[in-house]
Amino acid sequence: METQNGESGYVEILQKSQRPFNPLVVIEFTAGVKQAAIEWIVAKIQKSKAAGGAELDVNAVVMHHKQETVLYVGGSTERLLWAADMMDIKKEYRDGYHHEFSVDDVTNFRGSKDLDSFLTMAEKQKIILHELEAVRATEDDTAIAGYERFRLLSGNSIIKKYVSNGIIAKMYPLHDEEEIKRLGAEWYQLKKFANEQPIYQIRDYFGEKIGMYFAFLGFYTVALIPPAFIGILYLVTSWKSMYREAIFAVFNLIWATIFLEAWKRYCSELSFKWGQAQDVELNRSQEPRAMYHGTMDKNPVTGKPEPRYPKYKRSLRFYGVTVPVVGFCLMVAFYLMLGYFYLQAWADEVYAKDKTWLNMTLIYMPTAIYAVIIGIVNNFYRKIAKILNDFENHRLQSSYDNHLIVKLILFDFVNCFISLFYVAFYLQDMTLLRSHLAALLVTQQVIGQVREAMVPFIFVRRRKQQVDKVMQKEAAIQKVEYFNGEMDQTIQKQVNLESTMDEYEGTMDDYLEMFLQFGYVFLFSSAFPLAAFWALLNNVTEIRSDAFKMCRVFQRPFAESASNIGAWQVAFEVISVIAVITNCALIGMDPEVKKLLPSDISAVNIVIIFVAVEHVILAVKGAVAYCIPDTPKWVEIELEKMAFQSKQALHAERMAAASSQQKKLGDLLKLETRETSI
């Protein structure tokens with residue numbers, strides 16, 4: 001990379017980029033918060049980086065009618081660019097590749113002619129969040145100002161402690177009104193219903209993590225079309241044979257592998273185009289998550305100050321608290337399942353005695369009730385899982401996310417699928433398995449659509465009316481400016497509207513929903529071929545309803561980087577392997593299949609035969625996965641080009657440095673020779 005005149009070019013362009021204060025992030029304090037706590041955090045935000053602050057711009061508005069204080073946080077172009085440099089944010093370089101941004105080399109990055117718009121709004125908000133969370137408590141900060149009971153540990157993220165202790169009610173980035181309208185028009189409008197999702201615009205606005213989720217959701221939905229088509233074909237045809245379910249099951253198992261491998265290829269393409277493809281970074285060189293706490297010390301690799309927490313303490317918390325609590329929750333899920341079957345047996349007995357229309361509906365009530373209970377228990381457990389994960393005090397965000405994913409998957413797998421395994425392999429009732437699977441899948445999807453699509457649509461209109469009424473009471477709003485002048489009324493109205501929006505909790509629940517649906521579709525595909533059709537129908541509306549919520553219902557989330565879907569890829573692959581075992585076992589238990597075997601064959605030999613068949617299918621799955629490379633050839637070539645160019649640039653820098661040192665050494669020797677001759 002060229003660095004000549006980079007710094008002077010940066011200074012020259014920066015002199016032209018002095019715009020008025022532009023709020024990017026809003027911090028709302030809980031009503032009645034003590035003034036000392038507000039003033040203390042404002043001072044921390046304004047204080048220089050060298051003094052342990054965030055060095056950001058703050059404007060405060062006090063709304064007396066609600067007894068609330070709202071902070072508008074922004075940053076100068078210079079401050080944000082320096083932070084982007086320190087955070088190694090990747091931007092497109094003049095060679096067309098994404099490189100880590102450098103202030104000294106700013107003129108060689110595309111779009112640097114206007115530095116005010118060089119960073120996207122999402123990137124600016126991401127930087128501000130990073131800088132706010134990086135303000136940590138020192139040994140002298142023992143408690144939050146004005147609240148002695150809220151103790152601070154050395155290394156605590158102060159802004160996170162404000163949030164966890166309820167002093168800060170909300171902290172969110174502002175929407176870009178014009179951009180979100182354009183995105184919504186392309187994403188969820190009915191006239192665009194059949195169009196592809198604008199994945200690149202989603203990524204630009206919401207960040208790579210959310211962009212990657214919607215890319216996966218769309219890819220998975222398209223992958224459901226072939227099994228859904230075959231399921232409908234089976235429904236309308238009269239072909240009844242034991243081979244029918246076997247053929248469909250084998251097709252689904254191979255198709256699931258093709259889908260997962262094809263997704264990895266598509267994911268690697270997106271990751272490269274978004275500048276997220278990179279070598280694995282060593283754990284020690286990564287920054288700790290904001291809520292990680294411990295004794296302040298220096299990172300042995302980077303030398304930067306950060307909290308240090310002994311590994312043995314984390315292990316004690318995991319094995320001494322987390323494992324017993326999760327085990328107890330799994331036991332509760334098991335007994336709820338037994339209660340469901342007890343209730344179902346009672347309903348069947350009532351109907352057998354008196355076959356009326358009323359009693360016929362009673363037969364399906366236990367399944368519907370159980371589906372609702374599953375949803376309630378899942379939500380309750382998720383809160384427990386998050387508390388346990390916070391308690392374990394993981395250093396890295398990736399480690400925190402992976403441990404949370406494992407907890408959620410383990411419980412939801414037991415809670416949602418244990419009853420199906422019970423029916424399939426203990427009761428061995430295929431008719432009951434089919435009806436039970438259909439009831440669980442359809443009921444949960446209907447409940448999900450009502451909760452996620454219809455309810456938000458009803459409330460979004462009410463919110464606008466409420467905000468208009470609030471803004472009419474301007475006389476009740478007193479503004480107190482710390483600096484940068486008064487806030488524009490349009491921005492205040494926008495903040496009042498977005499304050500009433502729901503907070504987006506992240507992609508965790510969305511991935512979990514897809515994971516459970518994937519299990520319903522493929523684990524027992526031989527028993528219920530129509531599962532893929534119902535899943536496809538749900539996902540087509542899910543994409544648009546999720547899009548509507550992201551644009552109109554939820555507060556804008558902070559952008560997060562992601563190069564793939566993380567541990568969820570492994571979770572889906574594990575389910576596809578388990579699906580081979582379950583479907584082979586279901587087919588093996590079919591009475592028609594047993595008739596094909598010799599009458600004197602032993603049970604042990606039957607098991608051996610179907611285990612052998614299972615291994616053959618697993619071998620085919622493995623061969624398919626092996627034959628489909630995870631990364632397209634052109635992406636591999638481009639990554640090798642980037643590595644080669646980086647190596648060449650480093651070599652050129654070393655040669656230039658060596659030449660400079662050689663020149664200095666030569667000048668020094670000439671000087672010594674001249675002095676000697678004198």
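Me: In this predicted model, is Glu573 buried or partly exposed?
Reply: The relative accessibility of Glu573 is 24%. Buried would require a value under 20%, and exposed one over 50%. Glu573 therefore counts as partly exposed.

Me: How many residues apart in sequence are the parts that Glu573 and Lys264 tie together?
Reply: Glu573 forms a salt bridge with Lys264, with the closest N and O atoms 3.2 Å apart. Glu573 belongs to helix H18 (residues 567–588) and Lys264 to helix H10 (residues 242–273), so the pair ties together parts separated in sequence by 309 residues.

Me: Which residues do salt bridges with shared partners join into one network?
Reply: Lys264, at 21% relative accessibility, counts as partly exposed. Salt bridges that share partners place Lys264 in one network, whose members are Glu261, Lys264, Glu573 and Asp630.

Me: Are Arg79 and Glu131 buried or exposed?
Reply: The side chains of Arg79 and Glu131 meet in a salt bridge at 2.6 Å, N to O. Arg79 lies in helix H3 (residues 77–86) and Glu131 in helix H4, so the bridge ties together parts that are 52 residues apart in sequence. Both Arg79 and Glu131 are buried.

Me: Why is the pair of Tyr188 and Phe548 edge-to-face?
Reply: A pair of aromatic rings is described by the distance of the centres and the angle of the planes. The ring centres of Tyr188 and Phe548 are 5.5 Å apart. Planes over 60 degrees apart count as edge-to-face. The planes of Tyr188 and Phe548 stand at 90°, so this pair is edge-to-face.

Definitions and conventions
Residues are numbered from 1 along each chain as its sequence is written. This is a predicted model: local features need pLDDT of at least 70, side-chain atom pairs count only at pLDDT 80 or more; totals for chains, interfaces and linings use all residues. Side-chain values use heavy atoms; hydrogens and water are left out. Rings of Phe, Tyr and Trp (its six-membered ring) pair if their centres lie within 6.5 Å; planes under 30 degrees apart count as stacked, over 60 as edge-to-face and the rest as tilted. A salt bridge is a side-chain nitrogen of Lys or Arg within 4 Å of a carboxyl oxygen of Asp or Glu. Helices (H or I, at least four residues) and strands (E, at least two) are DSSP runs, numbered from the N terminus. Buried means under 20% relative accessible area, exposed over 50%, partly exposed in between (1.4 Å probe, protein chains only).
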